[in-house]
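Welcome, and thanks for taking a look at this one with us. Here is a short briefing to read alongside the structure.

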Amino acid sequence: MIATATITPTSDFIAREDAWGAHSYHPLDLVIAEAKGAWVTDLEGHRYLDCLSAYSAVNQGHCHPRLLRVMIEQAARVTLTSRAFRNDQLGGFCEELAHYCGMEMVLPMNTGAEAVETAIKAARRWGYRTKGIADGEAQIIAFEHNFHGRTTTLVGFSSEPAYRAQFGPFAPGFVLVPFGDIEAVRRAMTGNTCAVLFEPIQCEAGVLMPPAGFVRELAALCAERNVLLMADEIQTGLGRTGARFACDHESVTPDVYILGKALSGGFYPVSAVVSRREVLGVFDPGSHGSTFGGNPLGCAVAREALRIVHDEQLVARSAREGTWLLAQLRTLEHPAIKAVRGRGLMCAIELHVPARPYCEALQQRGVLCKETHGTVIRLSPPLVVSREDLAWAMEQLRAVFAA
Ligand SMILES: *Cc1c(COP(=O)(O)O)cnc(C)c1O
């Protein structure tokens, strides 16, 4: 008997993507056609609660009506000027984001990886000019299991073989130490250290949290040794962990914030480095740039995205709903579950076994999440998610983890 596979719109889209697109991802096989708030709908009309939020890029919820309006209005006025000329959105964006962060200067880029690259350039130049490090000798300390993006420089100091295998040669100037180990950071510091680059919670590595007090100790150590503390809050920032920034949990203001993802609420890639004048002042005309960075469309969308975080009290919502969700997750009992952890609406279930089959089982029940680091199910719904929706997601989790 010959098996004849039925061609459906879903299988057709998947086949075309697999045939013509490079296979750099291993997505769950649903084809999303629409989304609103915390919910997405696939081609076949099935609805799913989005518990990934595009890696926290849609904290404000999918297709937020205010963002949609600003996007359309701005797109009808002017979208791109390049920085060769000024536009009427950039100044306001920089001012508002600097205020939000309690900082003095902003350098806008597009993707997160570009913002991290920009922060690295700023730190090195600051090291040469302000700290007197000999040119070409600057060192940056980063952490094992980091995720800062996919450029060759960034994967060059990743400890994840899948991210770096056969992409070398890599840029020198980075030192890795175990995450959360303050003594290792202290030992790694030399007179050539210009910065420590870190994620306050390592989300991609499996929502790994450093020991309590680590961020504060890191800030104190950096201050003592005249080293810049650069917080990559691309995924943890703007309310995700139940605070404005994850650094706020330890009342730490880093020297540099690196932001992206939810900065534009999922409409358009906008990232930024936010810091003091002393740091971002190292850039002079010609020293750095981006054709799309600081464009009026991105700036207008990001300004509105920030206002939504404020107006809808997404930080407080994340703290409140995240506390509830974590308590619920802790009641799950199943031999496959190794640990449950989280902060705000950045929650995770770590398993003893591969997480993929559990993500697929949840997908069948209308809950979308994606395994990270093989054995971890990350739960990070849009911050606008309702308690009712979370309670429903818990029912699905209970069914999947019925011992
Ligand atoms: C997603 C992410 C990045 C990279 O952002 P892109 O927009 O994908 O380049 C960097 N750092 C962290 C912590 C991230 O979560």
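The domain assignment of the protein gives two parts: domain 1 takes in 9-60 + 315-402, while domain 2 covers 65-311. Please keep in mind that this is a predicted model. Between the C-alpha centres of domain 1 and domain 2 the distance is 26 Å. The points below go from the domain interface to the ligand, and then on to a few local features.

**The domain interface**

- Contact between the domains involves 27 residues of domain 1 and 28 residues of domain 2.
- About 2200 Å² is buried between domain 1 and domain 2, with 56% of it on carbon and sulfur atoms.
- On the domain 1 side, Gln 60, Val 315 and Arg 343 together supply 31% of the area buried against domain 2, more than any other three residues.
- The two domains share 17 residue pairs in polar contact, counting pairs with both residues at pLDDT 80 or more.
- Several elements of domain 1 give two or more residues to the side that touches domain 2: helix H2 (53-56), helix H12 (314-329), strand S11 (337-343), strand S12 (346-351) and strand S15 (376-379).
- Sorted by class, that side of domain 1 has 13 nonpolar, ten polar and four charged residues.

**Salt bridges**

- Side chains of opposite charge can pair when their charged atoms come close.
- The structure as a whole holds 20 salt bridges.
- Between domain 1 and domain 2 the count is one salt bridge.
- Arg 378 and Glu 204 meet through their side chains in a salt bridge, at 2.6 Å from N to O.
- Another pair to look up is Arg 303 with Glu 96, whose side chains form a salt bridge at 2.7 Å, N to O.
- Arg 303 sits in helix H11 (residues 296-311) and Glu 96 in helix H4 (residues 90-101), so this pair ties together parts that are 207 residues apart in sequence.

**Around the ligand**

- Which residues are around the ligand? They are Thr 111, Gly 112, Ala 113, Phe 147, His 148, Gly 149, Glu 199, Asp 232, Ile 234, Gln 235 and Lys 261.
- Phe 147 takes part through its backbone: one of its polar backbone atoms is 3.3 Å from a nitrogen atom of the ligand.
- Gln 235 has a polar side-chain atom 2.7 Å from an oxygen atom of the ligand.
- For Lys 261, an N or O atom in the side chain is 2.7 Å from an oxygen atom of the ligand.

**A closer look at Thr 41**

- Thr 41 belongs to strand S2 (residues 39-42).
- Leaving aside residues up to four places away in sequence, Thr 41 touches Val 31, Ile 32, Ala 33, Glu 34, His 46 and Arg 47.
- Although Thr 41 and Gly 366 are 325 residues apart along the chain, their C-alpha atoms are separated by 9.8 Å.

**Backbone details to check**

- Most residues other than glycine have a negative phi, and most peptide bonds are trans.
- Gly 168 and Pro 169 are joined by a cis peptide bond, with omega at about 5 degrees.
- Pro 169 is found in the loop between helix H7 (161-164) and strand S6 (174-177).
- Ser 251 is not a glycine, yet has a positive phi of about 50 degrees.
- To find Ser 251, look in the loop between strand S8 (228-232) and strand S9 (256-259).

Definitions and conventions:
Residues are numbered from 1 along each chain as its sequence is written. This is a predicted model: local features need pLDDT of at least 70, side-chain atom pairs count only at pLDDT 80 or more; totals for chains, interfaces and linings use all residues. Side-chain values use heavy atoms; hydrogens and water are left out. Domain bounds come from an automatic or database domain assignment. Contact means heavy atoms within 4.5 Å. Buried area is the accessible area (1.4 Å probe) that two parts lose on being put together, summed over both. A salt bridge is a side-chain nitrogen of Lys or Arg within 4 Å of a carboxyl oxygen of Asp or Glu. A polar contact is a pair of N or O atoms within 3.5 Å; within protein, one must be able to donate a hydrogen and the other to accept it, and residues adjacent in sequence count only if both atoms are side-chain atoms. Helices (H or I, at least four residues) and strands (E, at least two) are DSSP runs, numbered from the N terminus. Ala, Val, Leu, Ile, Met, Phe, Trp, Tyr, Cys and Pro count as nonpolar, Asp, Glu, Lys and Arg as charged, and the others, Gly among them, as polar. A residue is near a molecule or strand if one of its heavy atoms lies within 4 Å of it.
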